[in-house]
Amino acid sequence: MQVWIEESLKNGELFFYIVPAVLLILLLIVIFWPDKKKEKKEEVEETELDKLIKADKKLKAEIEPVIEKTEEPPFKEAGKEIQLFEEQDVQTFPETSQKPIEPEQPTEPEPEQPVEPAPVETFPETSPEPETPAKPAPVETLPETSPEPEKSVEPETPVKPEPVETFPETSPEPEQPAATIKSGLEKTRKGGFMSRLIGLFKNNVVDDDLIEELEEILYTADMGVATVSWLMDLVNKNRSKFSSGDDVKLFLKEKIREVLVENYKPFPELTEKPTIFLMVGVNGAGKTTTIGKLAHKFIAQGKVPMLAAGDTFRAAAVEQLKVWGERNNCTVISDKDGADPASVAFNAVNSAVSKGADVLLVDTAGRLQNRVNLMEELIKINRVIGKAKPGAPHETIIVIDANNGQNALTQAKQFSEAVKVTGIIVTKLDGSAKGGVIIGISKELGLPVYLVGVGEKIEDLRPFDPNEFVEALFE
């Protein structure tokens, strides 16, 4: 044996026998060696399972008598019939008899362990009355539940409406007073030439310095050179009559009043049907807007106006006039952009005659007074209107912007040379400090000022009153 082992060691054969044997032994040890952790875990599980089984048995022992009692039919005892009744949602159960409990075996119930059983219907527990051996065991009765007293029904209180969020009533804004010539001249009076004149007239002495300063101020008043020269000649001729600056102020005031009153003429009445107004003026003077406001005035008088969109050169001019037509609910005669304005005017006159309109307001392109071809176009329109209706146009009114100052005076002169201008409408007087232009136009051209624009509202196109104008200017 020893020899075999030695030879096996030398040949290496012994390892083929020893290694499998060792592995087999280790496998057997692993298989049959007891797992203490598993045993402990099983023991813990068994103890918990035993506890649950015991608790379940106790629970069944407590519930079974109650279930048996509830399954017994109602019976009579001592001539009284015990019934199940239901009153005011309180459920009671019939009285049940309890078996006599022998005094020799009084048992106290073991304290219950808190167990969470499945939800079951529970009943009020009844405590047994003390027993005496001489007397028969009393029958345990469930305490009769007296019906709960009816709750007095409280009268329903009216449901209060949910508070509605209210907002403080905003008082309507006070209506602004209607614009007047006085309000329109506020900038001229406070920021224009008149503010300087009022300061000058406070001097008590009329000397050469006062006269020179007066002339300088008047030349900046946009009255025009001719009008200022005329006024200064009168001042110098009557200088000996002035004892103070107030005397000069009153003298100028009366001379300006005389010029304005002399050329005053109210807005013309509608003597023809239709009465045709040809409106002229440069771009930006407010000519189209003035036409819309005039239409509103005529409608307020019960007249039927018609508008002619003769300004076919300016972009959107036709659309602007149509907007005024819709606002005033009056007819607008128009053609495509770039059409012949004389043709538009001719068609408008014929339409106004056929439809019985009371007045026709003809808009024209905003021509520059130095554009000869455009002024010739205006002459053509004037001639075509006269062919369509003899004697027309009955009024040719130039619309000027007070902000243009002396340039407005030049415009009025140029238009008067092309067509026969019969009157003037001055716009934007409230936004200008150059109200003196009205004096120059009236003096140099001898034209009446029909209307003045003293605000943006449709009713702010007001008749011109020379006395009101002078009083507001020198206030």
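Predicted model: local features only at pLDDT ≥ 70, side-chain atom pairs only at ≥ 80, totals over all residues.
Is Tyr-450 buried or exposed? At 2% relative accessibility, Tyr-450 counts as buried.

**The chain as a whole**

The protein chain has 475 residues, and buried residues make up 35% of them. Its secondary structure comes to 16 helices and twelve strands. Among contacts with a separation of 6 or more, 74% are between residues 24 or more positions apart. The chain exposes about 30,900 Å², with carbon and sulfur atoms supplying 54% of that area.

**Aromatic rings**

Across the whole structure, a search finds six aromatic pairs. Phe-267 lies in the loop between α9 (245-262) and β5 (275-280), while Tyr-450 belongs to strand β11 (residues 449-453), so the pair ties together parts that are 183 residues apart in sequence. Another pair, Phe-464 with Phe-469, is tilted: the centres are 5.5 Å apart and the planes make an angle of 55°. Both Phe-464 and Phe-469 are buried.

The charged end of Arg-327 sits over the ring of Trp-324, 4.4 Å from its centre. Lys-443 lies over the face of Trp-230, at 4.1 Å from the ring centre.

What does Leu-185 touch, leaving aside its neighbours within four places in sequence? Its contacts are Leu-429, Gly-435, Phe-469, Ala-472 and Leu-473. Leu-185 is found in the loop between α4 (181-184) and α5 (186-191), and it counts as buried because its relative accessibility is 0%. From Leu-185 to Ala-472 there are 287 residues in sequence, yet their C-alpha atoms are 7.0 Å apart in space.

Ser-351, in helix α12 (residues 341-355), is buried as well, with a relative accessible area of 12%. Setting aside neighbours within four places in sequence, Ser-351 is in contact with Met-306 and Ile-333.

**A nonpolar patch on the surface**

Now for the outside. A nonpolar surface patch of about 920 Å² is made by Tyr-17, Ile-18, Val-19, Val-22, Leu-23, Ile-25, Leu-26, Ile-29 and Trp-33. One of these, Leu-23, is in helix α2 (residues 14-32). Why is Leu-23 counted as exposed? Its relative accessibility is 53%, and the cut-off for exposed is over 50%.

**Backbone details in loops**

| Site | Backbone feature | Value |
|---|---|---|
| Lys-273 and Pro-274 | cis peptide bond | omega about 0° |
| Ala-392 and Pro-393 | cis peptide bond | omega about 0° |
| Asn-329 | positive phi, not a glycine | phi about 55° |
| Lys-428 | positive phi, not a glycine | phi about 60° |

Pro-274 lies in the loop between α9 and β5, and Pro-393 is in the loop between α13 (372-388) and β9 (395-401). Asn-329 is found in the loop between α11 (317-328) and β7 (331-333); at 71% relative accessibility, Asn-329 counts as exposed. Lys-428 sits in the loop between β10 (423-427) and α15 (437-445) and is partly exposed, with a relative accessible area of 35%.

Technical notes:
Residues numbered from 1 in each chain as written. Heavy atoms only, no water. Patch = residues over 30% accessible without salt bridge, like charges linked within 9 Å, V, L, I, M, F, W, Y side chains within 5 Å. Areas by Shrake-Rupley, 256 points an atom, 1.4 Å probe, with all protein chains shown as cover. Salt bridge = Lys/Arg side-chain N within 4 Å of Asp/Glu carboxyl O. Helix = DSSP H or I, 4+ residues; strand = E, 2+ residues; numbered from the N terminus. Buried < 20%, exposed > 50% of the residue type's maximum accessible area, 1.4 Å probe, protein only. Contact = heavy atoms within 4.5 Å. Phe/Tyr/Trp six-rings, centres within 6.5 Å; stacked < 30°, edge-to-face > 60°. Lys NZ or Arg CZ within 6 Å of the ring centre and 35° of its normal.
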